[in-house]
Amino acid sequence: MEHDTSSMLLIKAPGYIEICGRNLIKRCKRGSMKRYICTGSLCVDGQLFDVRCAASTVKLLVHDVLETSGEIINKVRETIGYVKGSQGTQEKFNEIVQLVGINWQKGLFIDNPFRWNSTYMMLEAALEYKEAFPQLQEHDPGFSMCPSGLDWDRLRAITSILKFFHEVSNVFVGRKHITANSYFAEICDIHLQLI
């Protein structure tokens, strides 16, 4: 089998979604829905139960993605923290960025772990700078936490999942009275990703 990066991402991404779906079901069974699901009071044994807030459902799914990917996301946080930790390191990194030829207008930043969309944006920015990190490791003996090639492939998969959820959640933002017909297509997309 050819180990093409794009095919790896397509194979890996559904696994993350699959884990998320199982975790959401476990969470629902542990929580307030447990008595309804376990007693069979819901139609189709609770497989189609109604969650009043679709945005909350998306947030739970994203939380599961972040929970299962915590180690690698923390590695990116530490990497960015190292780069941003001193003026000298930041200047050296900026020089490397120019030498490598990265033309990305947004800079690196550390996310707010309590806001998943900032984690998504942090990972997206880090992926744009991924060619510069190994170069920094070669020039700076103190920098030893550079993500590996496999880590970057996983981060790309995680980021694509978070991008999907970011786009879905944007449907909910700014609407006071959102109705099911306005987000039905996005919920169907989530369903298709989970199966």
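Guide: What follows is a walk from the whole chain to one group of rings. This is a predicted model, in which local features need pLDDT of at least 70, side-chain atom pairs count only at pLDDT 80 or more, and totals for chains, interfaces and linings use all residues. Residues are numbered from 1 along each chain as its sequence is written, and side-chain values use heavy atoms, with hydrogens and water left out.

The protein chain has nine helices and zero strands, where helices (H or I, at least four residues) and strands (E, at least two) are DSSP runs numbered from the N terminus. A search of the whole structure finds five aromatic pairs; rings of Phe, Tyr and Trp (its six-membered ring) pair if their centres lie within 6.5 Å, and planes under 30 degrees apart count as stacked, over 60 as edge-to-face and the rest as tilted.

One of these pairs is formed by F93 and Y129, which is tilted, with 5.9 Å from centre to centre and 50 degrees between the planes. F93 belongs to helix α5 (residues 87-100), whereas Y129 lies in the loop between α6 (116-128) and α7 (132-139), 36 residues apart. The rings of F93 and F133 have centres 5.1 Å apart and planes at 35 degrees, so this pair is tilted, and it links helix α5 with helix α7 across 40 residues.

F93, at 1% relative accessibility, counts as buried, and F133 counts as buried at 0%, where buried means under 20% relative accessible area, exposed over 50% and partly exposed in between (1.4 Å probe, protein chains only). Ring pairs link F93, Y129, F133 and W152 into a cluster.
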